[in-house]
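Q: Can you walk me through this structure? I'd like to start with contacts, then go through the elements.

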Amino acid sequence: MRRLRIFATAGTAVLALGLCLAVTLPSHAAGGFSATYSRVQEWPGSYFQGQYVLANGTSSTITSWTLTFTLPAGDQLANWWGANVTQSGTTFTATQPAGTSIPVGGTATMGFLVTEGGGLADPANCTLNGGSCSAGASPSPTRSPSPSPSKSPSPSPSPSPSTSPPPPPPPGSWHPSYLAVGTIYTPYSSVDAFFSTMKTHGPIPNYGYQYLIGSEMGNWSSRTSTLVSHSRSLGMIPVLVEYGMNGNIDGADAAYNNMQSSSWVSTFFTALKGAAQAASGAAAGTPVGWVIEPDMLGYIQQGHGTQYGNDATRIPAATSAAHTSGVLGSTDPTFANTLKGLVEAINYTIKKYNPSAFLGWQVNEWAVRNPLHDTDTMGITAGRQSVTSVGNQVAAFLTSADIRYKADFVAFDQWGQDYGYLRDPNPATDIRYLNATHWNNYLLYVKTIRQGLNLPAVLWQLAVGHLNSTRTPSPTYWNSSGRFPDLDNLTTGQYEDSSSTFFFGDSFNSSGNYLTFYSRNEGADPKVSVSGSTVTWGSHLPDAAAAGVVAIMFGAGTGTGDEGVPEVPGITSTGTTDFSYWVTRVQQYLAHPAALP
């Protein structure tokens, strides 16, 4: 089985589904008191988040201010913060909150979320304390510069972000109307600088995820607070990967044994409550994702499913420790001392203490056995029937564990290591190597299980790596040559994988056994074509969306995996190890994303 990447650093990523913009409209009122508008992020066709930053450049404290602006007819403020707001027709008037002031040299932020009914238009006709907001400044938009990534070999944690209340997400939404993309994210100064630079070239990922590991449960609360609060500055939704039941030991029976220990389960639920409360406090009602217990259910089904008739209601667990620890009380449900009861209690606890949470359990393609290569030996029809059969067996076990209880999605990984690490000269004989047919089998497996559970799917921790000799040109700001250098399959973090190539689509050159392997197309996928030594795979992100996938999160699952963004700790704390192929393809995709069905 694969080893998950473990991080012992604080923090990760972020709020809101929108595209982050760096365009501001500077404006200055007379007397040194200024108001500057910016559109922070947007959900095209639905919502956008805007803000005015009021700066006191006068020689005295500002104790009273009134800001007015207009919006097109039909647009509404769905929510606002940092001001009291009234409306008259299309004019909105904002005044300072009671008891507040702006000191000399200080600023105040008035933010809002606009429901679009009159077009994607920014506010107009701004006045500040009765004067024109645009007085003394150019009306033309200017693009704010972003800092260059730090080259410091010893990165330090990012400074605490503003404590201004964050805006809410669009009502009832934890994912956009298109297939979203996520990444691992560790909030350090050099990492944040990279994301700031990335923003100057286009949108950044929708989600950023970070582990909560079982060997450091005492730090879960602080790590969660840092994760969620630091996320505000980047515009991603934070996702916590709760990996605690196994005690940070990737062993087949680690979680199985720990879940039967009352003392362990009591410690676990205490930490879980603290993390959920911290998430709720830092998020202030905005979405926080939870991927729950990677590998746990896969290991239990694989190692003990037969023993208990693949019925999670028969597998013992010390669930009552959730109550004896004081995490749950007399007014909360009582959950059975079984694996099913434990799953339900975990989901319930997260939602109780973090009401804005969206959550899902992670499942594996190897829980019964890995069926992705069945089409190699059985033929395409029988092989895909086998994939479906295995998927149904896994779905039945997950149903018995009731992972649907208060859940919002079901998460799937693949492996956790870019397979070029293996350097196998004959990929057709290695189960870790995947061509387009195998990836389509994977989507069939995902679709089978998620339909059986009636939940949307999230693909999580897919390998960052791509296939060499790509025909995709590199932006010169990443590689001055205009091309992506090959991954050598020797240097740590520079290993090929077909994950990014399959989902984002690409043309690449190959030879020998690899050309034969990547050219195979038993399923007659119309997006696969071959011309001499050049193989072309079209983008399969629309195919993932059609299978019921709403988000794909990429990231290294081992300490040697490719890094599509810098990580701390990691191989590099300031750049990427894949020559920025992944970030290029993400930004190209998010400029024209695949709509969900």
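A: Start with contacts, meaning heavy atoms within 4.5 Å. Among contacts in the protein between residues at least 6 apart in sequence, 78% join residues at least 24 apart.

Q: What kind of model is it, and how are residues numbered?
A: This is a predicted model: local features need pLDDT of at least 70, side-chain atom pairs count only at pLDDT 80 or more, and totals for chains, interfaces and linings use all residues. Residues are numbered from 1 along each chain as its sequence is written, and side-chain values use heavy atoms, with hydrogens and water left out.

Q: What does the pLDDT average for the protein?
A: The average is 86, and 86% of the residues score at least 70. pLDDT is the predictor's confidence in each residue, from 0 to 100.

Q: Where does pLDDT stay under 50?
A: Residues 1–30 are one such stretch, with 178 contacts beyond four places in sequence in the model. Residues 135–172 also stay under 50, and there the model has 81 such contacts.

Q: How many helices and strands?
A: The protein has 14 helices and 23 strands. Both are DSSP runs numbered from the N terminus: helices are H or I with at least four residues, strands are E with at least two.

Q: How many of the residues are buried?
A: Buried residues make up 58% of the 597. Buried means under 20% relative accessible area, exposed over 50%, partly exposed in between, with a 1.4 Å probe and protein chains only.

Q: OK, sheets. What is the strand order in the sheet of five?
A: The order is β7-β8-β5-β10-β11, in an open sheet with antiparallel pairing. Two strands pair if DSSP finds at least two bridges between them.

Q: Which strands are at its edges?
A: β7 (84–88) and β11 (131–132). Each has a single partner strand, so one side of each lacks a neighbour in the sheet.

Q: And how many bridges between β5 and β8?
A: Five, joining β5 (residues 66–70) and β8 (residues 91–95) in the antiparallel sense. Phe69 has Phe92 in β8 as its bridge partner.

Q: What about the sheet of three strands?
A: That one is open too, ordered β20-β22-β21, with antiparallel pairing. The edge strands, β20 (506–509) and β21 (528–531), each pair on one side only. Its twist averages 15° from one strand to the next.

Q: How do β21 and β22 pair?
A: Four bridges link β21 to β22 (residues 534–537), antiparallel. Val530 stands opposite Val535 in β22.

Q: Which helix lies across those strands?
A: α12 (residues 512–519) lies across β20, β21 and β22, at about 30° to β22. Axes are lines fitted to C-alpha atoms, for helices over the stretch in contact, and angles run from 0 to 180 degrees between N-to-C directions.

Q: Switching to β17. Is that strand buried or exposed?
A: Seven of the seven residues of β17 (residues 357–363) are buried, so the strand is largely enclosed by the rest of the structure.

Q: Which strands does β17 pair with?
A: β16 (residues 288–292) is one, running parallel to β17 over five bridges. There, Ile292 stands opposite Trp361. β18 (residues 410–412) is another, also parallel, with two bridges. Val363 stands opposite Phe412 in β18.

Q: Now helix α4. How far apart are its end C-alpha atoms?
A: They are 31 Å apart. The 22 residues of α4 (residues 262–283) should span 32 Å, so the two values agree. The expected span is 1.5 Å times one less than the number of residues.

Q: Which residues of α4 are buried?
A: Among them are Val265, Phe268, Phe269, Leu272 and Ala276. Ala284 follows α4 and has a positive phi, near 50°.

Q: And Asn440, where is that?
A: Asn440 sits in helix α10 (residues 436–453). Its relative accessible area is 18%, so Asn440 counts as buried.

Q: What does Asn440 touch?
A: Arg384, Phe502, Asp525 and His540, leaving out residues up to four places away in sequence.

Q: Last topic. How many disulfides?
A: One, taking a disulfide as a pair of cysteine sulfur atoms within 2.5 Å. Cys126 and Cys133 form it, with sulfur atoms 2.2 Å apart. The link of Cys126 and Cys133 is left-handed, at -50° about the S-S bond.

Q: Are those cysteines buried or exposed?
A: Cys126 is buried at 17% relative accessibility. Cys133 is buried at 2%.
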